[in-house]
Amino acid sequence: MKLENDFLVIGSGIAGLSFALQAAAHGKVAIVTKREISESATNYAQGGIATVSSKDDTFDAHVEDTLVAGAGICHEDVVRMVVEEGPAVISSLIEWGVKFTTSGDAYDLTREGGHSQRRILHAEDITGREIQRALVAAARANKNITIYEHHIAIDLMTESKILRKRVKPNRCIGAHVLDIDSGTVKTFKAKITLLATGGAGKVYLYTCNPDVATGDGVAMAYRAGATIANMEFMQFHPTTLYHPNAKSFLISEAVRGEGAILRRRDGTAFMEKYHKLKDLAPRDIVARAIDNEMKTYGDDCVFLDITHKDPEYVRNRFPNIYQTCLEYGLDMTKQGLPVVPAAHYLCGGVAVDTNAETDIQHLYAIGEVAFTGLHGANRLASNSLLEAAVYAGRAYVHAVQQLKSNDYHFPEIPVWDSGTATSSDEMVVVSQNWDEIRRFMWNYVGIVRSDKRLERAMHRIKLIQEEIEDYYWNFNVTSDLIELRNIATVAELIVKCARQRKESRGLHYNIDYADRDDIHWNKDTFVKKQF
């Protein structure tokens, strides 16, 4: 089946939906999403969205906080652009129906780790869910937007790939997409293709990401020939609930922002010895501190304690966290919450310019899938939703200009050819390799790394990729196989970038190069597939 649209959006979080809602005024938009449309990382974002909206705050202060958190390699021009365009995109979100929490006649502003001011707009402690609700409702009501749920993109289609030769400039024409329910592969042809596929937390054994976060956009873009950058910087959220029945439930940064203290099992507060901001230190420092405390004292978790705050205030400020923890038998107003770090946010990704366009023409990337230069070596809390919204607007403006100025005489995308592929009775191969990748990535390429660990990880990745490729070409594609192929590619890219960087900076800590080296490594790392 062939489907033609002006815009193909792969992903349905704040990045994809914001772009789609604006682009729909200029053409037909197809949104492809591999689960229900609301199942995205955005939907699980608790804390909020950072922007300057108080008379006590300034753009310069927000810029400075971002640069400090980014450990020296943020692109300052990008940081300033995103910060200064923040208030306008907040207005757009409000126009689309997002309802942020108010205090009196003003929006209630909270503070999170790394921020010098209260500047986080939030909707109680379910900000992402509120943003997702409003944007999904607006998208469903738009006649120019068609939503394809339970569809997973397999690979991007470019002129070089179709013509089987190098074409400069190479252009993206669309994608092959698997209809998960029917098992059929559809051909989506589009003048503009946008990757908004989110992050890659599922490449690690422990993550607070939803199951959809398998790095699909990064993997597809890499296979298509796009440049990938800074994949070594995977942010580990310091405080994920440690409970056998809790599936990666994140305890928001805002809990520490409101005064919670990290303690060892014996009640000792420990962050003071790691950073002057103590419990409000940037996430990379807090995650490493917790990791070190657990290893030093042999504990399987630490405790996040906000029991010194008024119980009524805590229940009102964090209703979702309070209620969820209560379901696991934990009352955060009376006891410290057991927490551990978990893979949370990918600060690298598909390299894009300030219009969100990759180095493959007509292919854009927004949100966690993209590397913009904003986050540097460590993302400042609540800057991610802001980045996605700002770049959605910039990509929309640029893409519409492209529509007006190009003739779009593309070669035809061939329909999917399954060849002699058959249905597999060996799904154990997929589950075994999936588990193995996630385990060795956690052990060898986690919060603390070494050259030897990275070497071991790469050796295992190569062996597994051989198995995956053999399996991929001999059996019919399934969503599980597509995701396995993608997490293997993402694992390879993380290790490749980590092996390039001969220093420790931000989220990348290598015990063989324990110091930051601004002379040689005050720069980004890049990887590009060689054809």
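Buried means under 20% relative accessible area, exposed means over 50%, and partly exposed lies in between (1.4 Å probe, protein chains only). This is a predicted model: local features need pLDDT of at least 70, side-chain atom pairs count only at pLDDT 80 or more, and totals for chains, interfaces and linings use all residues. Residues are numbered from 1 along each chain as its sequence is written, and side-chain values use heavy atoms, with hydrogens and water left out. By the area cut-offs, Gln-335 is partly exposed, because its relative accessible area is 30%.

**Gln-335**

- Gln-335 sits in the loop between α11 (319-327) and β16 (337-346). Helices (H or I, at least four residues) and strands (E, at least two) are DSSP runs, numbered from the N terminus.
- Contact means heavy atoms within 4.5 Å. Leaving aside neighbours within four places in sequence, Gln-335 is in contact with Thr-307, Gly-329 and Leu-330.
- Thr-307 is 28 residues from Gln-335 in sequence, yet the two are 6.3 Å apart in space, C-alpha to C-alpha.
- A polar atom of the Gln-335 side chain lies 3.0 Å from the backbone nitrogen of Asp-331.

**Two buried polar residues**

- Glu-258 is in the loop between α8 (253-257) and β14. Glu-258 counts as buried because its relative accessibility is 5%.
- The side chains of Glu-258 and Tyr-313 make a polar contact (2.8 Å). A polar contact is a pair of N or O atoms within 3.5 Å; within protein, one must be able to donate a hydrogen and the other to accept it, and residues adjacent in sequence count only if both atoms are side-chain atoms.
- Beyond neighbours within four places in sequence, Glu-258 is in contact with Thr-110, Arg-118, Ile-306, Lys-309, Tyr-313, Arg-317 and Phe-318.
- His-398 belongs to helix α12 (residues 384-405). With a relative accessible area of 16%, His-398 is buried.
- Leaving aside neighbours within four places in sequence, His-398 is in contact with Asn-355, Glu-357 and Tyr-364.

**Nonpolar cores**

- A nonpolar core is a set of buried Ala, Val, Leu, Ile, Met, Phe, Trp, Tyr and Cys residues joined through side-chain atoms within 4.5 Å. In soluble globular proteins, nonpolar side chains tend to be buried together.
- The largest nonpolar core has 73 residues, and Ile-437 and Met-441 touch the most other members. Helix α15 (residues 479-500) gives the most to this core, with 12 residues.
- Apart from this core lies another, of 62 residues, among them Ile-49, Val-52, Ile-162 and Ile-413.
- Not counting residues up to four places away in sequence, Met-441 touches Val-203, Tyr-204, Gly-446, Ala-491, Ile-494 and Val-495.

- Strand β1 (residues 2-10) and β2 pair in the parallel sense over four bridges. Two strands pair if DSSP finds at least two bridges between them.
- Phe-7 stands opposite Val-29 in β2.
- Together, β1, helix α1 (residues 14-23) and β2 make a right-handed β-α-β unit. Right-handed means that, with the strands pointing away from the viewer, the path from the first strand over the helix to the second runs clockwise.
- α1 is mostly covered, with 10 of its 10 residues buried. Ile-14, Leu-17, Phe-19 and Gln-22 are among them.
- Strand β2 (residues 29-33) is mostly covered too, with five of its five residues buried. Val-29, Ile-31 and Thr-33 are buried on one side, Ala-30 and Val-32 on the other.
- β2 also runs parallel to strand β8 (residues 145-149), joined by five bridges. Thr-33 stands opposite Glu-149 in β8.

- Val-302 stands opposite Val-339 in β16.
- Another open sheet of four strands has the order β19-β17-β12-β20, with mixed pairing. Its edge strands are β19 (370-371) and β20 (526-527), and each pairs on one side only.
- Strand β12 (residues 228-229) and β20 run antiparallel, joined by two bridges. Ala-229 has Phe-526 in β20 as its bridge partner.
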